[in-house]
Amino acid sequence: MIAATYTQNAGYKIQDIPIPAIGDDELLVRVMASSICGTDLRIIQSGQRKLRDGQRVVLGHEFAGVVAQAGPKAADLFPIGMRVGVAPNIGCSRCSMCAKGLFNMCPDYSAFGINMDGAHAEYVRIPHASIQQGSVFPLPPDMPFVHAALIEPLSCVVNGNRSVSIQPGETVLIFGAGPIGLMHAMLARHSGAGTVAVIDTQPDRLDQAARVGIEHLIDPGRCDVAETVMRLTEGRGADVIITACSVPAVQEQSLGLLAPFGRVCFFGGLPKDRPCIRVDANLIHYKNLVVTGVTGGAPCHFRTALGLILDGSVDVSSVVSHTFDMNDMASAFEKALHGQAMKVVIQRQP
Ligand SMILES: [Zn+2]
Ligand SMILES: [Zn+2]
């Protein structure tokens with residue numbers, strides 16, 4: 001089968017590899033759509049610490065497909081032909097985070113496309129632990145697979161959204177108008193935010209934000225961000241800020257833009273070689289701020305994300321800029337690595 005693989009310290013490759021064999025209690029899913037994530041690109045560009053030198057992994061953790069083979073102990077729940085989406089993190093099943101179902105927080109988690117074979121391939125093996133941990137979700141027959149592949153990134157956005165408890169009427173500021181930033185903007189609106197503003201340095205990304213109905217677009221190259229935010233909020237500052245980018249200066253700036261009792265979620269991680277920021281801690285003290293962050297999502301967020309897509313609350317199709325046929329996976333990666341793409345999705349013609 002065709003697969004996009006990454007080998008630690010040897011780079012990525014589109015190659016032909018054997019279709020995975022499955023055990024009695026496992027599934028083989030025929031991948032119908034998989035989307036390329038910034039995480040895939042980061043692995044290609046700088047490796048993955050969970051991989052040993054020379055270890056090869058099939059990339060891809062945002063996907064949906066159809067059960068192609070089911071082991072006898074898995075077929076009752078997930079028969080051949082069932083359409084499924086899969087939350088990609090698998091926990092150790094023994095720690096306090098796993099006890100809460102927060103497999104993304106397990107200190108010893110595994111994940112598709114990270115340290116086990118993922119879904120930028122014709123088929124993906126679903127291990128028993130995924131089934132057991134409630135990470136395999138049946139999908140309704142009319143849900144497009146391209147939308148279903150985006151349940152996973154939206155699940156991470158749901159996790160971030162919950163961490164800042166947006167209240168009706170609040171002002172929400174989102175740094176970064178990439179796919180994640182736009183999903184945050186749409187979800188903030190759904191959470192009842194009164195004013196949603198998106199900040200990005202790329203005009204075409206702001207245009208895309210305008211197309212999904214975000215009315216306040218801020219280009220830091222053309223105006224003063226602090227001044228604009230204060231004008232929008234009558235001098236109070238934003239109630240909530242979400243940083244959907246990996247820029248240390250944005251995190252530093254965010255605290256000064258918050259209103260009293262404001263909350264900021266550092267959604268995007270910082271580059272590994274520049275993880276430190278300088279902040280005025282008295283802003284947190286005097287304004288009673290909450291500074292938080294999230295990483296990934298858990299099956300509970302995945303379930304919520306699925307519902308938000310199905311009921312039309314978040315239009316994930318609006319963040320898809322390119323789709324490529326599975327036979328043209330190389331072009332998909334080319335576009336994601338070098339183009340100014342939003343979300344790039346690889347799909348198989350039914
Ligand atoms: Zn992702
Ligand atoms: Zn665990």
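Reader: What makes C37 and E62 count as buried?

Author: Both C37 and E62 are buried, a class that means under 20% relative accessible area, against over 50% for exposed and in between for partly exposed (1.4 Å probe, protein chains only). The model is predicted, with local features needing pLDDT of at least 70 and side-chain atom pairs pLDDT 80 or more, while totals for chains, interfaces and linings use all residues. Residues are numbered from 1 along each chain, chains are lettered from A and ligands numbered from 1 as written, and side-chain values use heavy atoms, without hydrogens and water.

Reader: Which residues coordinate the zinc ion (ligand 1)?

Author: C37 (SG), H61 (NE2) and E62 (OE) do so, at 2.1 to 2.3 Å; donors are N, O and S atoms within 2.8 Å of the metal (3.2 Å for Na, K and Ca), and sites may look incomplete because water is not among the atoms. The spacing of these donor residues in sequence is C-x23-H-E.

Reader: Why is the site of the zinc ion (ligand 2) called tetrahedral?

Author: Its four donor atoms make angles of 103 to 117 degrees, and four donors are tetrahedral if all angles lie between 85 and 135 degrees. The donors are C92 (SG), C95 (SG), C98 (SG) and C106 (SG), at 2.3 to 2.4 Å.

Reader: How do you know that K343 and E62 form a salt bridge?

Author: Their N to O distance is 3.0 Å, and the rule asks for a Lys or Arg side-chain nitrogen within 4 Å of an Asp or Glu carboxyl oxygen. K343 and E62 are both buried.

Note on methods. Tetrahedral: all angles 85-135°; square planar, octahedral: opposite > 155°, others 65-115°.
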